[in-house]
Structures are given as structure tokens and as C-alpha cells.
Amino acid sequence: MLKEFLVSTKNRYQLIDITEKVEEIIRESKIKEGICLIFTPHSTAGIILTENENGLKEDWLSFFKKLTSGIDFLHNQIDDNADSHILSGLLGQEKVLAIQDGELIRGPWQQIFLVEFDGPRNRKVIVKTIGGIDTKKI
Amino acid sequence: MLKEFLVSTKNRYQLIDITEKVEEIIRESKIKEGICLIFTPHSTAGIILTENENGLKEDWLSFFKKLTSGIDFLHNQIDDNADSHILSGLLGQEKVLAIQDGELIRGPWQQIFLVEFDGPRNRKVIVKTIGGIDTKKI
Amino acid sequence: MLKEFLVSTKNRYQLIDITEKVEEIIRESKIKEGICLIFTPHSTAGIILTENENGLKEDWLSFFKKLTSGIDFLHNQIDDNADSHILSGLLGQEKVLAIQDGELIRGPWQQIFLVEFDGPRNRKVIVKTIGGIDTKKI
């Protein structure tokens with residue numbers, strides 16, 4: 001099963017919690033057991049699991065700025081978003097999670113976030129599930 | 001197949017080699033061909049593949065400290081572990097590997113490590129395998 | 001389905017676009033729907049998705065150098081490549097992508113790159129596909 005949804009971002013750098021939307025898709029898919037790929041088909045956005053706490057969300061932005069500061073990026077001569085590409089590639093644009101008994105397996109402080117590095121934009125998120133083979137039924 | 005095991009960590013930052021335990025689970029599952037998700041359901045720990053060499057394990061800790069130094073984290077006003085969350089999210093809490101002929105495919109210097117960023121704690125590791133469809137049998 | 005191919009790298013740090021080769025393997029596999037693991041079984045190389053633009057490829061190298069500079073690595077007393085191991089583990093040695101209607105799902109600026117951190121070398125890349133269960137056929 002593959003489904004997609006859109007996220008409208010408001011700032012250049014922003015963390016958006018997409019956990020509810022992803023879990024709604026998992027429930028609707030009626031998959032009982034398998035794995036789930038959460039993927040954003042962009043090269044200036046990322047997917048992470050982190051705690052949804054306002055201070056921490058600000059800390060992520062401070063961290064991103066520290067990582068890419070002080071470099072004279074060549075790509076900025078073409079398009080002023082080298083930092084966005086680097087941070088997107090570094091964090092990765094996908095996460096893989098397990099599904100068991102119809103539920104996504106994640107810890108209580110592992111919310112799923114789309115990370116915007118070059119907003120505001122409309123971003124696509126793809127959720128792909130693969131079911132395990134239930135050998136009893138085959 | 002989904003199995004889990006616990007790891008007791010001893011230090012605040014620590015790399016623990018979990019390769020043997022993961023490979024034992026793969027063998028017990030009798031899966032011949034497919035993929036394997038190695039996941040830790042925590043937001044202050046991570047999973048990486050790296051060489052198990054004592055100097056390098058120390059180097060990882062120096063690197064982690066360099067990455068998060070010099071930032072006045074807001075989350076530390078609530079819980080003094082913003083660095084732990086950031087490093088966990090950055091490294092990621094999961095790895096996906098291939099299984100072929102009943103064996104996990106990895107290079108000789110790719111040991112699987114649980115990385116503790118906020119220990120000492122008891123950490124859970126989940127191993128989920130998904131078998132390929134053997135179309136000859138269906 | 002599991003296939004592998006070799007990449008000969010020329011520099012110590014280098015980004016090599018492997019998108020065409022991976023997509024050729026997907027087409028040959030005739031898989032219609034599922035997921036694909038792209039994995040390099042090395043601890044001093046990585047896999048990322050980023051835009052194939054010459055300036056940006058240089059920017060990645062500047063970024064890698066900034067990340068690991070100023071640390072007196074212990075592993076360098078054994079083998080002068082602590083930076084290579086750290087960057088490989090940080091970026092990760094694998095990516096997971098979805099396959100739908102026989103095509104790899106990725107954005108137009110998401111090229112697949114093998115990242116060399118300790119070249120020149122011959123590097124192996126493994127492509128493993130897992131098909132979804134087509135319940136209509138079972």
C-alpha cells in the first residue's frame with residue numbers, strides 16, 4: 001500500500017509533527033504486521049524521530065545553523081540553499097518503522113517529524129507499507 | 001517475525017556492540033531471504049554500523065561532544081539532555097539490512113552498535129524481519 | 001532479488017552518482033511494487049540522496065571536512081582514517097526507497113550517491129528488493 005499527503009510549511013527551517021497523519025494511514029491500510037517507509041521526495045527536507053517539545057524544536061534549529069555556519073558554499077551562486085541540501089542529505093529523507101498488531105512501533109517520545117530546510121513550501125510525504133507473509137494463510 | 005532484547009548501558013555516552021545478539025535472532029528466525037529492521041524505541045539513543053575498535057569508539061564520543069558543544073539548549077531548562085535528543089535524531093534510531101541465505105549482509109568492519117546518549121539506562125532493541133516472496137512456492 | 005555492482009572511486013573523498021545503475025537493476029528485476037534497499041558493505045563509505053550539481057558536490061566535501069576538523073582522533077594511531085569511519089557511520093551506509101508501478105519513487109533532485117570517505121578504492125553496492133504481497137494473486 002502506498003499513500004501520500006501534503007504538508008504546508010511556514011518558515012525556512014521548521015519541524016512539523018506528522019505522527020497523527022502517518023498513524024491514520026497505517027490504521028486505514030488495515031495492515032497487521034510488516035514495515036512502513038515514511039519518505040519525502042525532496043532534497044531540501046528530511047524526516048526524523050524526536051520528542052515534540054517546544055524548546056527542543058528550537059534547539060534543533062540552533063543545531064542546524066551551527067552545523068552549516070562558516071562555510072562559503074559554491075551552490076549558493078546558483079540557488080541560495082546549499083545549507084538546505086546538506087542538512088536534508090545528512091538527516092536523510094526517510095525512516096523505516098515496524099508495524100505489529102496493526103500499530104506502528106515507536107517509543108512514547110519518538111514523534112515523526114517532517115523537517116523543512118527551505119520553506120515555506122508544500123511538501124509531499126509518502127507512506128509505503130509492506131506486509132509480512134502470513135505463512136499460515138498461504 | 002519481531003523479537004526484542006534489552007541492553008543495560010553504564011555511561012552517559014556509550015557504544016555497545018549488539019551484532020552477536022542481532023545475528024542470533026536472525027538465525028533463530030530461520031528466515032532465508034528478506035530484510036531486517038534493527039530499531040531502538042527511544043529518542044536519546046541511536047543505531048549505527050561502525051568498526052569495533054577501542055580508539056574509534058572513543059573518537060565517536062569526542063565527535064559527539066564537538067557536534068553539540070557551544071549551543072545554549074532550551075530543552076535543558078526542562079530536562080538536561082537536549083544533546084542526547086539531537087544526537088539520537090541525527091544518527092537515527094534504526095538500520096535496515098538485507099538477509100540472504102539465512103545471513104545478515106554486512107561488511108567485516110560493520111558491527112551493529114546501540115549508541116547510548118543519556119545513560120546509564122536499560123534500552124530496548126527491536127529486530128523485525130520481513131521475508132521475500134518465494135514465488136516458486138506460491 | 002539481490003544484485004550487486006562495483007564502483008571504482010578516484011579520490012579520498014568523492015560523491016559518485018549511482019542512480020542510473022540502481023534504476024537499471026530495478027527495471028531488470030521486473031518488480032512492480034515493493035521496497036528497495038541500497039546498501040554499501042563498508043565502514044568508510046556512505047549512501048545519500050542529494051542533487052547532482054557540481055558546486056553542491058564540492059560543498060559536501062567542505063562540510064565533511066568542517067565536521068571532523070580539530071579532533072585528535074585515537075584511531076589514527078592504528079589507521080589514518082578515523083574521519084572516514086565517523087562520516088560513514090554518521091551518514092549511514094544504506095537507503096530504503098519505495099517501488100511503485102515498476103519505478104523507484106524519488107524526487108527529481110534526489111539522485112542516489114555513493115560517498116567515498118577513504119578512496120581511491122573499489123566499493124561494492126548491494127540492491128535488495130522486496131515485493132509487496134499482491135493479495136489478488138494469492
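User: Why is B:Glu23 called buried?

Analyst: This is a predicted model, so every value here is computed from it. B:Glu23 has a relative accessible area of 18%. Buried means under 20%. The value falls under that cut-off, so B:Glu23 counts as buried.

User: What makes B:Arg106 partly exposed?

Analyst: B:Arg106 has a relative accessible area of 24%.

User: Which parts of chain B does the pair B:Glu23 and B:Arg106 tie together?

Analyst: B:Glu23 lies in helix 1 (residues 19–29). B:Arg106 lies in the loop between strand 6 (103–104) and strand 7 (111–116).

User: What makes B:Asp118 and B:Arg121 a salt bridge?

Analyst: Their side chains meet at 2.6 Å, N to O. That is within the 4 Å cut-off, so the pair counts.

User: Are B:Asp118 and B:Arg121 buried or partly exposed?

Analyst: Take them one by one. B:Asp118 has 12% relative accessibility, under the 20% cut-off, so B:Asp118 counts as buried. B:Arg121 has 35%, between 20% and 50%, so B:Arg121 is partly exposed.

User: How do you know that C:Arg12 and C:Asp83 meet in a salt bridge?

Analyst: The N to O distance is 2.8 Å. The cut-off is within 4 Å, so this pair qualifies. C:Arg12 lies in the loop between strand 1 (2–8) and strand 2 (14–17) of chain C, and C:Asp83 lies in helix 3. The pair ties together parts that are 71 residues apart in sequence.

User: Why is C:Asp83 called buried?

Analyst: C:Asp83 has a relative accessible area of 12%. That is under 20%, so C:Asp83 counts as buried.

User: Which residues of chain A are linked in a network of salt bridges?

Analyst: A:Arg12, A:Asp83, A:Asp118 and A:Arg121 are linked in such a network. Over all chains, the count comes to 30 salt bridges.

User: What makes B:Glu94 and A:Lys95 a salt bridge?

Analyst: Their closest N and O atoms are 3.6 Å apart. That is within 4 Å, so the pair counts. The count between chain B and chain A is two salt bridges. The interface of these chains also has 13 residue pairs in polar contact. Helix 3 of chain B gives the most to the side that touches chain A, with five residues. That side divides into 19 nonpolar, 12 polar and four charged residues.

User: How much area do chain B and chain A bury between them?

Analyst: They bury about 2600 Å². Carbon and sulfur atoms account for 68% of it. On the chain B side, B:Ile86, B:Leu90 and B:Ile130 lose the most area to chain A, together 19% of what that side buries. In contact terms, 35 residues of chain B meet 35 residues of chain A.

User: How do you know that C:Lys95 and A:Glu94 form a salt bridge?

Analyst: The closest N and O atoms are 3.6 Å apart. The limit is 4 Å, so the pair is within it. Between chain C and chain A, the count is two salt bridges. The rule also finds 13 residue pairs in polar contact across this interface. Helix 2 of chain C gives the most to the side that touches chain A, with nine residues. That side holds 18 nonpolar, nine polar and eight charged residues.

User: Why is B:Leu37 called buried?

Analyst: B:Leu37 has 2% relative accessibility. That is under 20%, so B:Leu37 counts as buried. The residue sits in strand 3 of chain B. Among the residues B:Leu37 touches are A:Val96, A:Leu97 and A:Ala98 from chain A, and B:Val96 and B:Ile126 from chain B.

Notes
Residues numbered from 1 in each chain as written. Chains lettered and ligands numbered in written order. Predicted model: local features only at pLDDT ≥ 70, side-chain atom pairs only at ≥ 80, totals over all residues. Heavy atoms only, no water. Contact = heavy atoms within 4.5 Å. Buried area = accessible area lost by both parts, 1.4 Å probe. Polar contact = N/O pair within 3.5 Å; in protein donor to acceptor, adjacent residues only side chain to side chain. Helix = DSSP H or I, 4+ residues; strand = E, 2+ residues; numbered from the N terminus. Nonpolar A, V, L, I, M, F, W, Y, C, P; charged D, E, K, R; others polar. Buried < 20%, exposed > 50% of the residue type's maximum accessible area, 1.4 Å probe, protein only. Lists of a residue's contacts leave out its neighbours within four places in sequence.
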